[in-house]
Amino acid sequence: MNCKIGIIGLGYVGLPLAIEFSKKYYTIGYDIKKSRIDDLNKNIDETGEVSKRELSNSKNLVFTSNIQDLLECNIYIISVPTPIDKDKKPNLDILFQATASIGKILKKNDLIIFESTVYPGCTEEDCVPILEKVSGLKYNIDFYCGYSPERINPGDKKRTLTKIIKITSGSTPGIAKKVDNLYNSILDKGTFPVSSIKVAEA
């Protein structure tokens with residue numbers, strides 16, 4: 001696959017993803033926090049998920065806080081946090097902001113994969129309309145989506161990203177296959193493809 005991957009959100013989910021994908025593909029890690037990018041460029045990960053050695057050995061990986069640097073990518077993986085508010089409801093503001101940012105640089109045939117924890121229907125009912133509105137492109141005609149829920153347990157050094165079976169899905173049968181192949185290329189445990197984005201969200 002001729003993939004250039006942009007990872008949006010470099011927390012305990014996004015950073016390990018960026019490290020693993022960069023072993024096979026050119027990868028750009030983006031985070032809105034410039035201080036986070038400065039640390040990562042010094043091979044420092046404050047979450048403790050990735051070692052200094054892993055960061056310094058990542059030759060195919062670039063870190064940035066400038067969204068325009070992701071223009072050369074054709075696959076975007078959104079892995080920003082969706083914290084719960086005081087009423088135990090997910091706060092999706094960060095997710096929607098990240099989605100709008102990608103909408104600004106979205107090009108024809110690009111693929112956006114969501115990993116952030118959401119409720120069933122969120123990707124296609126909430127995020128896709130943002131992408132369409134900001135980009136002016138049409139879903140499943142000009143751009144495509146996938147969903148693969150993050151399943152990393154922060155601090156768990158035994159069941160790391162590559163040792164967890166990943167659920168995958170896509171907005172068309174062909175895209176579902178592409179998403180599945182992409183994750184399979186970096187995972188030891190493999191994937192579990194499901195029939196739709198909504199099933200993967202559930």
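**Exercise 1.** Among contacts in the chain between residues at least 6 apart in sequence, what percentage join residues at least 24 apart?

*Solution.* Keep in mind that this is a predicted model. Start with the contacts between residues at least 6 apart in sequence, then pick out those that join residues at least 24 apart: they come to 70%. For context, the secondary structure of the chain consists of 7 helices and 8 strands.

**Exercise 2.** Work out whether the radius of gyration of the chain agrees or disagrees with that of a compact globule.

*Solution.* First, take the length: for 202 residues, a compact globule would have a radius of gyration near 17 Å. Next, take the value for the chain, 16 Å, which agrees with that expectation. Then look at the extents: the C-alpha trace spans about 45 × 40 × 35 Å along its principal axes. Finally, turn to burial. With buried meaning under 20% relative accessible area, such residues make up 50% of the 202 in the chain. The accessible surface is about 9,900 Å², and carbon and sulfur atoms account for 52% of that surface.

**Exercise 3.** Describe the largest pocket and its lining.

*Solution.* Begin with the space: the largest pocket holds about 530 Å³. Its lining has 26 residues, and the closest to the pocket centre are Gly 9, Asp 31, Val 80, Pro 81 and Ile 94. Now ask which element gives the largest share of the lining. That is helix α4 (residues 93-105), with 4 residues. Last, sort the lining by class: 10 residues are nonpolar, 10 are polar and 6 are charged.

Definitions and conventions:
Residues are numbered from 1 along each chain as its sequence is written. This is a predicted model: local features need pLDDT of at least 70, side-chain atom pairs count only at pLDDT 80 or more; totals for chains, interfaces and linings use all residues. Side-chain values use heavy atoms; hydrogens and water are left out. On a 1 Å grid over the protein atoms alone, a cavity is a set of points where a 1.4 Å probe fits but cannot get out, and a pocket is an open set with protein on both sides within 12 Å along at least five of seven lines; lining residues have an atom within 4 Å of a point. Grid points are joined across faces, edges and corners, and a volume is the space filled by probe spheres set on the points. Helices (H or I, at least four residues) and strands (E, at least two) are DSSP runs, numbered from the N terminus. Ala, Val, Leu, Ile, Met, Phe, Trp, Tyr, Cys and Pro count as nonpolar, Asp, Glu, Lys and Arg as charged, and the others, Gly among them, as polar. The radius of gyration is taken over C-alpha atoms; the globule rule is 2.2 Å times the number of residues to the power 0.38. Buried means under 20% relative accessible area, exposed over 50%, partly exposed in between (1.4 Å probe, protein chains only). Contact means heavy atoms within 4.5 Å. Accessible areas come from the Shrake-Rupley method with a 1.4 Å probe; for residues, only the protein chains shown count as cover.
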